[in-house]
Each structure stands twice: as structure tokens, then as C-alpha cells.
Amino acid sequence: MRSLGLIFFTLLASVAAADRPVTFERDVQPLLTRSGCNAGACHGKARGQNGFALSLLGFDPTFDHNAIAKEARGRRLFPADPANSLLLLKASGSVAHGGGNKLPVGSPQYELVKKWIASGTPRTPADAPKLAKITVSPTEIVGTFKQQVPLRVTAHYTDGTTEDVTKLAAYQSNDAGYAAVDTDGVIRVGTIAGEAAITARFVEQFAVANVLIPLPTKVDASYYAKLPRINFIDGHVWDKLQRLNLTASEPAGESTFHRRAYLSVIGRLPTPDETRAYLVDTDAKKRAKLIDALLARPEYADFWANKWADLLRPNPYHVGIKATFTFDQWIRDQFRKNTPYDQFVRKLITAQGSTWKNGAAVFYRNRREPDELAPMVSRLFLGVRLDCAKCHQHPSEKWGQTDFYSFAAFFSRIGRKGVGISAPISGGEEVMFVKDAGSVKHPLTGQELMPTPLLGSPLTIAGDKDPREMLAEWATTKDNPFFARVIVNRVWAELMGRGLVDPVDDLRDTNPPTNPALLDALAADFRTNGHDLKKLIRAIVTSHAFALSSQPSDTNAADTRNYSRHYRQRLRAEPLLDAVSDVTGVAEKFDAMPEGSRAVEAWTVRFDSKFLDSFGRPDPNQDPPCERTSDTTVVQALHLMNAPGLAAKITSDKGRTAKLADGKKTPTEIVEELYLLAYNRRPTAEESELCVSKFEKTGVTRRTATEDLMWALINTPEFVFID
Amino acid sequence: MPASSRRDFLQVGLGTLLGGGLVSALRARDPAKAATAPAKACILIWMDGGPTHFETFDPKPDAPEEYRGEFQPTPTTAGGVFFSEHMRQLAKHFDKLAVVRSIRHDQGNHGAGNHYMMTGAPPRIPVGCGAFVSFHPSLGSVVAHQKPAPAGLPAYFSLPSMTRSGGPNFLGARYAPFVSDGDPNSPGFRIRDVALPAGITEGRFADRSSLRGDVDRFQRLLDKASGDPVAALDDHYQQAAELMRSNEAQAAFRIGDEPPKVRDRYGRNSFGQRLLLARRLVEAGVPFITINDGGWDHHSDLFDALRKRLPNWDNSVSALVTDLDERGLLDSTLVIALGEFGRTPKISTLSGQSKAGRDHWANAMSVLFAGGGTPGGQVVGATDRKGFAAVERVLSPENFASTIYRKFGIDPNKMLYTPEGRPTHIVSDGTPIKELMG
């Protein structure tokens, strides 16, 4: 490894003693960004900091140049003696500066600014060579624990020249637990096997270095060769484990798999009879048979629609309750019909008509303006978070305001008739149609922007054509780089406990998937299968990887990214409430729902349910998309222990405990039934003996003993989690 | 525990009351800040609908009749400072109160005004009047996030319901208010879920808990790096069990233990008893309690409705302030009363209504402060002669929110991060109302 001192010396030479003129946009602005001067927390916030305001992340160079060189009657600069300029005195901490010492006196960065002031604060001429790209080296690093690796960043300009900008670039690790990076671009590898992506940023350009950190003890290739490969997924998972020297966990037991499959695919517990039948089935293909049966059940549609409702469901206080209902029913209907996903998205994006008749049209009632719709559509269906680029260059991506507003232009011709969003309840009908004209302008330049796909060229759209049709066409075409990957990643995350890309809707070069080959293979398979969600789910759930135990092998306890074991998930609010109702044999009653309805069938979140609120149902006041957190909280623990509603279900005369206690079953049979209901497995002999003994205590009745055991089971993690 | 000994506990102080465990856990988290920040708790009385400033704390006796209204001014203990007619009790305790008459904003409908005052952030997009919206974490959620309650206790209560914009937004469900409905004025009232359900004795609960321990065979992943989510649930169960086992904490939730005289003092009505319950929650270490008190949207029938309502309201709020003071808790407990805006200066009768009222008015509102180190006996700012607009010390909802955060020792300029990593200031302008800071 080269010595850091030598690199530093070289850079000092390349930055400060560059014989070309030092100019604002090319040299000084990147420094302001790198040092965080123009960040939202500092001078980049709307009112600036202590009277000195810069544009956020430098999106407006003219404004910034004025702020530094002209504003405050030039008091920030002192060309006769540059070192005495307020800009440098503050930035170097020589006079009090809330932001601290950002440019130490004598550092190459300090010298650069000094030189710029001395030369008369020139701006970069408009015809000067532009920054074309940056490169980082090395790009692929196989690191060992606690190793340090210096990066080198090179800027490439349009005139073919290059410059070492290692000292001017900013660095970020996507997961510092695996490998951190310091301000000088030196990577510091941690002590966990895994991966990290290190992003170097210079002006608006990015480059990524990937660090792979295997476990130190090599695992023989024959181990991986022997692992089962049920479908294409397994090979990709094992390949990744092999690169990291991780071993896979043992397969989960039959009853664990059975429970996991039910809860993952249809969001409900198997009945005791279903479990018994499965456990005695000797068919070698019984897992595949089970998955096919589950995918064909009606609960499938409600369970997955309930997840999608979080992402799409409008604020009922905003759009009115009838529109909320029609949209919900539309979503459910798509899952019932297993509408191919590309058609599902196409119907949403191009929706027209009445919000009372076409549920999909409600998509355009909640979000109304092109600049509200663009980030929602890009995030949900393309996994691209454009939000930041509405006001400034995205801080960790390539997207800028032109990208944002020209994407928003696809929504510039949505016309609306009827009752809009109005006081006080917005209950009226609204009809969406395509207007003949409409435009979106760049907020800074005022230039009218043509609808433009991400990474694409502006489209010319005929007056009689709906721009949204073109958007849907582009989004769902088979070579769209985003579309299939974001949905397969989302489904994978639901089933496997974590996305290959995490967060699931944030796909970008600087946040790479943990297994790119697997993500690509899933996306390719999905397209080949006609965007069929059920086929995608079947592929994942029938893989050997899905069926691994959650218990670690001797190497993989710390693996939380590579699926070497199954990752546990807490049941979502609705399936958990349904599970409680199923175990207790007492259905929940919901406002505006027929008797016997299940929580996953609820068409709105605007009804009272302390249970669902405690377990993280989205707040109806919030705008979609609502990604849930799977946090556990004290409130949840208290609710399961003591909630009057839950207590009443356990003790109800019409419920399970009364039936079991009043029936002919022996205590041993009652215990077995309760274990099958709540844990979906038989009790062990020891468990059975222990629980049966509770029936024989003095002062205990069959009824109270049954109730107490049911309470105890519901209050354990084995009930609350998918193992 | 007999009532008399419980009173002793209360007088000795919070640490003794809760047997040390819960409270010392709270203090251990942030010893330095606890010493410098005056407020350990806030009781926010939310007057939903937008209370009139004229008929509460900013009377305009010199204005023409169509502005002045039907009520007379009431002198406070300070010469020259008047409250409106029915704020008689509070007027007597003016030395403990500060009234800000000059907060204003530009959001004249309920949904938007509520959001602005409840979060310190204006709504990001235009919001309908009936809307319930959330674009930013509420005061209570931020306090809960920054100043956790003692182990096991929810840090943010909302009684008896959630306010429109009182949610956690991007901070997540953990910082949502713990909503406890029910009427503490009715016999048998309990705070949900922290008490055993009806019919379950403590003995039976103990048996159940031990059975739970026996049947809980779920294999834990012992390596911390595994990120086993079960570990968090175990922690939370432990905290919940401690909370339930703690007689003292449980007692704090039992409003029925309060001596009848004290209950009478707060007023035997839902609102009064909710304030009393809030005081008990403060004693248990809960940092933020919102009382969502609806029905202040007096477009019509303003005067008769307030003649009925204000005397009780005035009595309950002054009972809270004086009771906290007598217990030595007022210095560390901030009490605030406000709604989303003030009301129109000119009295009007809406079509179809027979009785006059006032409409929404965001150009001026009055906000009541007491405790938490707030210097009493002062009025901050002023509106003009007819109450149209804040004209002296014009203050914003941002100033209001920053005042509350500063009192807790929370820097309102602090950056919070959304799950997407977007940095967001707690308040965009972190300047508190300096007159209230003491």
C-alpha cells in the first residue's frame, strides 16, 4: 500500500499549485459542497445561517457567487490580503464560526480559496471545459478486517484533461458498519463479513467503490456445490455466500415452514386440521403443492392488496370516503384477477374517468399537481426517489431539477371536472380527463419542459395523445432498467424480511443491491413470466433459500443481508389481529364492514382500532406511500397483555376457550389444540406435560386453565413473529 | 396504599413516589440536561376549533359593540391587565400566568391551522378545512423522541383522542401518542392496557405470566449482530411487566385514589378530571400530555355557549395551575392552552343561524402559558384596539414551538432525519419567545 503521506503531498501539488486559473464553479463551489457549507443544516437552508445564505448544495452558482463576492458590500472578501477575508477567517475557524474549522490554515483547500480571492474571484467561463465524469480507483476491493484502503478520485473534463480531486471530493459509505470512509477518502474496513458501497461525490458527479469483506476462514467449494438448488434463486444466493465464506443455516422444520408459508403468502394462520394434514402428508412435492394451494386461495388477494393499499391509499380526509372505497376495491380486484403487474401500473398511470366509478382515477385525486405526482410515481414504480431534485440537485444521485420537472411534465395535461378538494369533507365526485394542453416549467429558468423519461430524451407528444400513455409505455417496456427490479425487490423484501436493495424503493448506483445477479435474475424471470406476481411469489417461496431456518449456522449469525438464514419478521398489524381472532374464535367487528370481516379486508384506516394503531397501521392523516416500520413497542406488549378487547375474546362464552372447555376433549387434547392454533405445531411431550399439569391445580377450572394457556401463547414471540 | 401515606409520597417527591426505579432510569439518560432545562413535562390543552381571543384573554372593552361582544372585562391581579369576564379564577392567579396575545399565522382553516400550531411547521400543500393532515412530527412526538419517559411508560399521551396533526409523521409509530379514551369522570375509569382487564385478579395474572415464561421456548439469537427483532420485544415485555408490577406507577394511573376534595377542585366533569389525570401522569414521569378539548368553533351561539362553558374551564385550568404550584411541580411543568387560531373581530350571524358568533381568524390569537420556568404576571405582545391583528411583538407558530422545545432543553435547530435521509429542522426558525424563557 502506498503511504498516505505521499498521496497527500501529491495532492497538495495538484490542487494548490495548479498552474491554470482557479475559478468559482470549477474549483470553489465543489469545496463549499464538500465541506458542508451549503448543506441544509448550514448556509444552504432557506434563510441561510447568520446572514450568509448559499443555494442548497450549490444548485445556483450565480446566487452563490454574489453571496460571497458581492453581498454585504464585499465584506466577506479582502483581495488586498486574501488571508484576512472573512470567508477564510471563518472557514478556518480563525474567528468564531458556528460551523467550526472547515478549511484549516495552510491546507490545500485553504490555499485554493486564497488563490481564488487573490486572482479577483473569477467565475468559470461559460466555454470552459465541463466536468464529464469522475472515476474512482480501486473500484472493486476485497477487504480484510480492519484494513485501510485509500481511494483516489479523478475528474475528467470535456477537453480530455484530468485532475486528481481526491482532496476535493466528498465520501460516504452506504453501511459504515461494514466499511467506513473518512473525509480524505480512506476506507476503514470493520469486522463483519459483508459488503459496503463507498460513494465519492464531486460537483454533480458520482463514482462508487465496492468493498467485499469475506470471513477470514475459507469454506471449501464442495460445500456450496452440495447445497440444494431448487430453482435459479438458490444458485445466486449460494454464490454470494461463497464469496463471503458464509455457510447457510439448516432447513427449517416442516411445521415452521408450513406456518411461514401461510403467513407469508396469505397472511393467515393454518387451522389445526390443515397443519395436521400437512404434517402427515408424505408426498415429496408437498411444499410445492402447498404453495400452489395457497396462491389459489381468496385470502391471497386481500393480504397483498392490504400491503399495496399502504402505498396507494389516499388520505380519506383529503379525497372523501367514497373515493377511498372505490380505490380500495379497485386494488383488491386487481389482485383477485392477478392482473399482470405491468397492466396494473399502466391502468393506474393512465387512469381516467370518475373517482366514484374507476377506483384507479382516485390516484389523481389525492396527488394533484405534476410536481406531487412525479416523485410518487417514480418512487413507487421505478424505485427512484426524485423528491430531493424538486428543489435542488439530489445529494446522492444524478437527478437534478431538469430531470424532475421534465418527468413531471408527463402529468401536465390531467384535466379535472366536478368537485375538487374542498371544505369540509371533499365528498364529491371528480372526473379525470386528458386536456388538450398543459405544461410544466423549470422553476429557475422558466423554460417549458417536454415530457422526458428518466435517463431518456424529451418526447414530442401529439396533441391527441395522453402523455401518460407514453410514460406507461416507457415504464413497462421490457428494457426499462427500473420497473421490474423495483417490484421484484419489493416482493422479495416482503417474503425474505429484507430487500436486496434497502430501502425497497431507493434503487441507485450509490445504494447497490446485496446480490445484483439475483436481482437481475428475478427481474428477468418476472418479465419472462408476463409480470405475473403469483409466479414471482411461487419462485421465491419454493426456493431452498426461503425454507432455511432462522437459527444461525456457526458462521452466519451476523449476516443480515445475504439470506444465509431466514430473517424473522413481526406480523403486520392486520394479519396479527386476524390471527388473534382466529385463535380465540371471536371475530373482530369493524365499522362499515359486514360482520365476520377480517382486518386485511378493511377498505380504509379511518375507523377506530386500538389494536391496529398499536401495531403500526398507517395514520389516516398521512399521505401515501406509507412504508410501515416493524418496530415493537411497549404499547404493543401492554396491548397484548391487557387490552380489554383481547381479554374479552379469550374469555368470551361464544369463543374457542368456552367450546374447548365445555367439550369432551381431555386436557392433553386441549393443550395440543391450542398449540396447533397459535404456534401451528404440536407441543413437545415436555410442553404438553407442563401445560396439562396446570389443569390439575386447585382453584383452576378447565375453562380458566384453557384461557390462561391461550393468553400465554398469544403473548409469546413464537406467536407474534414469522420464524 | 392508604390515601394519607400516598399524599406523603407525593409531597416528598417523585423519586420516592415511584420507588426510584422508573425515575432514576429517566434521569440516568440525561443528567446534565435535566438540571438545566426547566421543563420536564408539558400539559397542552388543545382547544380544538379555535377559541376566541376576545372572550378569553384579550378583551376589547373600548371597541365598538359589534367587536366588543357581550362580556365585560375582569381585572387581573396586575393593574391595567384584564381578562374577559368568565376567566375570573385565572385572573386571580395572573402572577403565575403569561398570556401571549400576538401569535399570528396565515392558515385560516382548521386542518391547516391545526397543523401549523401543533407541529410548528406550515402545511406543505394547501389543505382543506376538514382535513386531518400530517407533514411534520407534532410537538408531543418530538418531545417523546428527544426526552423518553421512564422505562415502560408511553412518553406522549393524548386524552381522550388524537388531535388532527398530533401524530409522529416520519418519526414512526413508536412516537405516536398513546391515546387513552374513556371518561375519567366516570367511576371505574382506567387507562387502557396498563391496568389488568376486568375480571383478571393479580394472582391470576401472576400465574399467567409464569405460564407464559414456561411456554416461551422460542429460540433467541444470542449474537447481538444478528439483529434478532425478538430481543426488542423481550425488552418491551420486560418494561411493560415492570410498569404493571410497580404499585406506585399503577397508583399514578388510578384517578379514583385522588381525595374527593382534590377531584372536586378540578371540577367533576370530563375536562376537569382529564386535567387531574394529566397531573398524575406528570407525577409518574410522562413528559407530554395533550388534552384534546373540542368544540371551540363558535360560528354561532358564541355568548350563551361560553357562558355555560367558560366558568368550568376557567376553574379547572386554574385548579391545575395552583395544584401543580402547591406540589412544587409548576416550575418543571409547562401548561399551555390554545387552539388553531383566534376568531373574527366583528360579530356576525351566519345565514340559517339565529345566534351570533365569530369566525376563523389567524391574524391574532391568545395563548396561555404557565409554569416550566415561565415568568408569571405578564402579557406578551398586543393586538390593535379592535383585536384585528397582532401589532406588538408579532410572533409566529415557529416561535411558539421553539419556546416549548427550548424549555425541554431540546434545540429546535436540531436536525432530524426522515427515513429517506432527508434532513429536517425540528423548527425552521428556532427563536423562542424570550419573555417566556425566564
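## Two chains in contact

Visitor: How many residues of chain A are in contact with how many of chain B?
Guide: Contact means that two C-beta atoms, placed from the backbone, lie within 7 Å. In this predicted model, local features need pLDDT of at least 70, side-chain atom pairs count only at pLDDT 80 or more, and totals for chains, interfaces and linings use all residues. Residues are numbered from 1 along each chain as its sequence is written, with chains lettered from A and ligands numbered from 1 in the order in which they are written. The count is 59 residues of chain A with 55 residues of chain B.

Visitor: Which helix gives the most to the side of chain A that touches chain B?
Guide: Helices are DSSP runs of H or I, at least four residues long, and strands are runs of E, at least two, numbered from the N terminus. Helices supplying at least two residues each include α24 (634–642), α25 (644–651) and α29. With eight residues, the one that gives the most is α24(A).

Visitor: Is Arg243(A) buried, exposed or partly exposed?
Guide: Arg243(A) sits in helix α7 (residues 232–244) of chain A. Buried needs 20 or more other C-beta atoms within 10 Å, exposed means 12 or fewer, and partly exposed lies in between. Arg243(A) has 15 C-beta neighbours inside 10 Å, so it counts as partly exposed.

Visitor: Which residue of β4(A) is the bridge partner of Lys133(A)?
Guide: Strands pair if DSSP finds at least two bridges between them. Strand β1 (residues 131–137) and strand β4 (residues 152–157) of chain A pair in the antiparallel sense over six bridges. The partner of Lys133(A) is His156(A).

Visitor: Which residue takes a positive phi in the hairpin of β4(A) and β5(A)?
Guide: Three bridges join β4(A) to strand β5 (residues 162–164) of chain A, and the two run antiparallel. Four residues lie between the strands. The one with a positive phi near 90° is Gly160(A).
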